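Q: I would like a close look at one part of this model. Please keep the answer brisk.

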Amino acid sequence: MSLATGARGTVSAVVTEADTALAAGSGDVPVLATPRLLALAEAATVAAIAPHLARGQTSVGTAVHIEHRRATPVGAQVTADAELTSVDGPRLTFSVTARHVVGSAGGEPGDVIAAGTVERAVVDRARFLARLTG
């Protein structure tokens with residue numbers, strides 16, 4: 001594993017009906033659901049470190065703090081960015097931010113719709129999965 005602070009990852013998505021709070025059961029309005037927003041943030045953290053993990057390694061989420069600041073309608077494009085800010089052995093901490101994409105529907109382009117931190121741990125995939133089967 002050759003992880004160092006500063007590694008970055010980005011993912012983008014267009015909000016669909018399946019991404020809404022109504023569809024996720026996390027609310028009753030047709031806007032980007034917080035659980036879906038969290039999934040985008042986690043995907044950005046995975047993208048940031050994937051090229052740096054050794055064969056057989058993966059990472060698992062361990063903690064999240066996300067402030068969901070703005071509603072995002074169906075049809076809007078969002079981008080989640082992650083930056084690795086701390087490496088403590090296998091424990092990784094990321095700063096994450098999600099924004100409306102320039103030219104996208106809903107909100108002002110570049111508006112921060114969410115920000116926070118995501119923590120992950122690097123694990124050996126086979127050992128991790130073996131523990132699940134007892």
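Predicted model: local features only at pLDDT ≥ 70, side-chain atom pairs only at ≥ 80, totals over all residues.

A: The link spans distant parts of the chain: E83 is in strand β3, R8 is in strand β1, and 75 residues separate them. R8 is exposed, at 58% relative accessibility. E83 is partly exposed, at 26%.

R8 also touches A48, a residue of helix α2. Other contacts of A48 include A7, G9, A82 and F94. A48 has a relative accessible area of 2%, so it counts as buried, the cut-off being under 20%. The C-alpha atoms of A48 and G9 are 3.8 Å apart, although the two residues lie 39 positions apart along the chain.

R120 is buried at 7% relative accessibility, whereas E42 is partly exposed at 24%. In total, the structure holds 6 salt bridges.

Now the core. The largest nonpolar core has 25 residues. L3, I49, L84, L92 and F94 touch the most other members. Helix α2 gives the most to this core, with 6 residues. Strands β1, β3, β4 and β5 each supply at least two. L3 touches I49, L84 and L92, among others, including H52, L53, V87 and V122.

Methods
Residues numbered from 1 in each chain as written. Heavy atoms only, no water. Core = buried A, V, L, I, M, F, W, Y, C linked by side-chain atoms within 4.5 Å. Buried < 20%, exposed > 50% of the residue type's maximum accessible area, 1.4 Å probe, protein only. Helix = DSSP H or I, 4+ residues; strand = E, 2+ residues; numbered from the N terminus. Contact = heavy atoms within 4.5 Å. Salt bridge = Lys/Arg side-chain N within 4 Å of Asp/Glu carboxyl O. Lists of a residue's contacts leave out its neighbours within four places in sequence.
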